[in-house]
Amino acid sequence: MTAVTVAGIDCGTNSIRLKIARVDEHGVTDVVPRMLRVVRLGQGVDETHRFSDEALERTYAAVREFKNVLDEHAVDAIRFVATSATRDADNREEFENTVESILGVRPEVISGTEEADLSFLAASSAISSLSDVEAPYLVVDLGGGSCELVLGGDGDTLPATKVQAAFSMNIGSVRMTERHLHHDPPTEQEIDEAVRDIDRHITEAFRYVAAGRTHTIVGVSGTVTTMTALAMGLTEYNHAAVDGVRMDFETAFAVDDRFLNMTRAERATHKTIHPGRIDVVGGGALVWNRVLARVAESALLDHGQHIDSYVASEHGLLDGLIIDLGRRTLESCNERPTEH
């Protein structure tokens with residue numbers, strides 16, 4: 001067998017995504033490009049450690065929609081992964097059982113480390129063709145519930161596409177908004193408390209990931225790409241325009257700060273922001289700002305490099321899931337004995 005068709009579903013804290021693709025030795029070709037539905041599965045989970053009935057119903061509706069799409073395509077394998085919010089929810093078995101009854105596939109609650117590895121796989125595969133990307137690079141996957149830091153290579157003996165170290169922090173756009181940013185717009189005190197919380201998590205992460213060795217920062221996920229699009233001045237979101245773009249910190253910080261301090265009604269006037277991100281994108285931008293600043297500070301101390309920009313990538317966890325599942329399925333099919 002020279003190619004397989006696989007489907008991946010990534011169920012995060014804020015959104016759920018489906019992608020169906022054909023995978024062969026040359027790479028990945030979309031059959032059904034990424035479908036995204038904002039379901040806010042993780043609503044309230046940071047405080048209650050339970051999925052709410054409303055959040056579950058929103059998610060089940062999206063899963064039923066995905067089931068209809070999957071029924072139209074013959075796939076060789078499917079994998080459904082759930083991340084930060086599901087890791088924290090005490091009633092996750094109810095969620096897993098219901099999804100399995102709808103889809104016929106049981107969700108896999110993956111660890112933060114596996115989430116980081118898959119995100120890095122996708123990002124590193126995509127940026128390896130860019131001429132201005134210098135290894136080692138740090139992939140930052142900033143979701144609704146968590147933020148993964150993944151350092152690839154060591155700039156010497158370890159290939160840039162291999163993970164050197166990874167750490168998952170329980171700070172994301174939904175989690176930070178629900179935990180700290182209660183006013184509209186948030187108060188300076190709320191922002192200061194959020195920054196202290198974020199910095200504590202980053203300090204812990206740096207104990208496990210030598211972020212100072214970074215030469216290039218690569219940002220994936222909806223918060224990063226949305227804020228990049230706004231920094232580019234796009235009036236509507238454009239995947240192709242954002243993917244692979246290099247954005248300078250000065251522009252990014254100014255835009256992130258402006259949208260953090262906007263009211264939700266003001267953000268809603270910007271079509272670049274998906275409606276499901278309007279209330280939480282400020283919290284995500286705050287996490288992103290602090291990660292960029294702290295990594296740049298560490299790199300300067302470590303090897304004297306002034307990192308003043310990052311690369312935005314559309315290729316995150318879902319793409320890594322597809323690549324990994326496709327490769328493993330193809331290998332498994334080719335290992336089977338031929339029937340006579």
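Visitor: Why are helices α2 and α4 called roughly parallel to each other?

Guide: In this predicted model, the axes of α2 (residues 53-70) and α4 (residues 92-103) cross at roughly 25° and come within 9 Å. Angles between N-to-C directions run from 0 to 180 degrees, with axes fitted to C-alpha atoms. Angles under 35 degrees count as roughly parallel, over 145 as roughly antiparallel, 65 to 115 as roughly perpendicular and the rest as oblique; α2 and α4 are therefore roughly parallel. Local features need pLDDT of at least 70, side-chain atom pairs count only at pLDDT 80 or more, and totals for chains, interfaces and linings use all residues. Residues are numbered from 1 along each chain, and side-chain values use heavy atoms, without hydrogens and water.

Visitor: What makes residues of α2 and α4 count as meeting?

Guide: Contact means heavy atoms within 4.5 Å. Among the residues that meet are L56 and Y60 in α2, and F95 and I102 in α4. The contact divides into eight nonpolar, two polar and three charged residues, where Ala, Val, Leu, Ile, Met, Phe, Trp, Tyr, Cys and Pro count as nonpolar, Asp, Glu, Lys and Arg as charged, and the others as polar.

Visitor: Why are β8 and β10 called edge strands?

Guide: The open sheet has six strands in the order β8-β7-β6-β9-β11-β10; strands (E, at least two residues) and helices (H or I, at least four) are DSSP runs. Both β8 (163-169) and β10 (246-248) pair on one side only.

Visitor: How do you know that β10 pairs with β11?

Guide: Pairing requires at least two bridges found by DSSP. Three bridges join β10 to β11 (residues 309-312), and the two strands run antiparallel. The bridge partner of R246 is V311 in β11.
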